[in-house]
Amino acid sequence: MSFRPLSWLVMAAAAVAVSMPLVGCSPADEDEVNLYSARQENLIQPLLEQFTEETGIQVNLVTGSADSLLQRLRHEGRNSPADVLITADAARLHQAKQTGVLQAIESDVLNENIPERYRDPEGEWYGLSLRARPILYHKDRVDPEDLSTYGALTDEKWEDRICVRSSDNVYNQSLVAAMIATEGAEAAEAWAEGIVNNMARRPQGGDRDQIRAVADGVCDIAIANTYYLGLMLDGDGRDREVAEQIGVFWPNQDDRGTHVNISGAGVTAHAPNRENAIRLLEFLTSQEAQQWYAEANQEYPIRDDVPASEILQGFGEFESDDIELHLLGDNNSEAVRIMDRVRWR
Ligand code: FE
């Protein structure tokens, strides 16, 4: 049975090979920056290559799930080779700040490029892109005249007609956290309960699956992030066919606005290449990088002066809520408790 130790060795060697560039980098290496990214490699790699071309700074990229990267940063502590963390959702960025894995930086460039409400007041995290979580509906089965607010989705006319993913996902946690911030915990709980009552099925799958379920007639309404619909429209085949049946409705336009969230980044607490890390963040907020990043992800640019993709522009303009994004983190555990209580599984 010699294949066993051998395959173990091969795997160990592969693991070493993967981690080598980071382990091997010296703390003061002037032409490197080490990036932990929770975003898909193909959605960021071309930008990193551009950065290297412009600055001569090599980017060592480690991708992983948001939770595993956060855990890894905590675990590595001051020995972490990481300089920059990129992840989605303000609640996670806030959590990263609270657990001490980020550090405050100051950059006039970042302060200029990123609107104030999309960055941490203390400079520990910065928004890189913007996503909205509106109401999506089937164009043939729902009259948008019947839609108005998130709150109105609890009306009995939507009974058995709503699809939304489970409460273990941060997107819905942040949606409820935003509702706690604007309408109070009691109202948020009543809302969550009303949504559960109107669900067409037990939550399952991701945002794309809710959109597909609307097209398949499982439900008529979904709550999902815009970029999923944008990416489906940008694709081909079945996904595109599905997405073309779906309309975007911007809720709460007469009061608090539609729920928005960010993807973002911060410089890590023990960054060995701190200056390079700041340069990378600055680069990622440049006009050119923003245009590419937003287009590739079908997200809204974080900068006001960069236009959204044509697909997103097709969804129409909207008013977004303007709550302080750290509240999504502060209210996260209460949101989770509420969703547990009302059995939003
Ligand atoms: Fe997502």
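## The iron site

Tyr171 is buried, with a relative accessible area of 12%, where buried means under 20% relative accessible area, exposed means over 50% and partly exposed covers what lies in between (1.4 Å probe, protein chains only). This is a predicted model, in which local features need pLDDT of at least 70 and side-chain atom pairs count only at pLDDT 80 or more, while totals for chains, interfaces and linings use all residues. Residues are numbered from 1 along each chain as its sequence is written, and side-chain values use heavy atoms, with hydrogens and water left out.

Which protein atoms are the donors of the iron ion? They are the OH atoms of Tyr171, Tyr227 and Tyr228, which lie 1.9 to 2.1 Å from the ion; donors are N, O and S atoms within 2.8 Å of the metal (3.2 Å for Na, K and Ca), and because water is not among the atoms, sites may look incomplete. Along the sequence, these donor residues follow the spacing Y-x55-Y-Y. Tyr171 belongs to helix α6 (residues 170–183) and Tyr227 to helix α9 (residues 226–234), so this pair ties together parts that are 56 residues apart in sequence. Helices (H or I, at least four residues) and strands (E, at least two) are DSSP runs, numbered from the N terminus.

Tyr227 also counts as buried, at 6% relative accessibility. Its helix, α9, is mostly covered, since seven of its nine residues are buried, and among them are Tyr227, Tyr228, Leu229 and Gly230.

## Aromatic pairs

The rings of Phe, Tyr and Trp (its six-membered ring) are said to pair if their centres lie within 6.5 Å, and planes under 30 degrees apart count as stacked, over 60 as edge-to-face and the rest as tilted. By this rule there are five aromatic pairs. In one of them, Phe51 and Phe283 have ring centres 5.4 Å apart and planes at 55°, so the pair is tilted. Phe51 sits in helix α2 (residues 45–55) and Phe283 in helix α11 (residues 274–284), so the two tie together parts that are 232 residues apart in sequence. Both Phe51 and Phe283 are buried.

The rings of Trp250 and Phe318 have their centres 3.8 Å apart and their planes at 10°, so this pair is stacked. Trp250 is found in the loop between β8 (246–249) and β9 (260–267), and Phe318 in the loop between α13 (310–314) and α14 (326–330), so the pair ties together parts that are 68 residues apart in sequence.

The protein chain is divided into domain 1 (8–131 + 262–309) and domain 2 (132–259 + 316–341), with bounds that come from an automatic or database domain assignment. Taken over C-alpha atoms, the centres of the two domains are separated by 28 Å. Contact here means heavy atoms within 4.5 Å, and 16 residues of domain 1 are in contact with 23 residues of domain 2.

Between them, domain 1 and domain 2 bury about 1500 Å², 62% of it on carbon and sulfur atoms. Arg117, Arg131 and Gln298 supply 38% of the area that domain 1 buries against domain 2, more than any other three residues. Buried area is the accessible area (1.4 Å probe) that two parts lose on being put together, summed over both.

## Salt bridges

How many salt bridges does the structure hold? The structure holds 21, a salt bridge being a side-chain nitrogen of Lys or Arg within 4 Å of a carboxyl oxygen of Asp or Glu. Across the interface of domain 1 and domain 2, however, the rule finds zero salt bridges.

Arg212 forms a salt bridge with Asp239, and the closest N and O atoms are 3.2 Å apart. This pair links distant parts of the chain, with Arg212 in helix α8 (residues 207–215) and Asp239 in helix α10 (residues 238–243), 27 residues apart. Arg212 counts as partly exposed at 27% relative accessibility, whereas Asp239 counts as buried at 19%. Arg208, Asp209, Arg212 and Asp239 are linked in a network of salt bridges.

Asp216 forms a salt bridge with Arg238, with the closest N and O atoms 2.8 Å apart. The side chains of Arg238 and Glu241 also meet in a salt bridge (3.8 Å, N to O), and both residues lie in helix α10, three residues apart, about one turn of the helix. An α-helix has 3.6 residues a turn, so residues three or four places apart point the same way.
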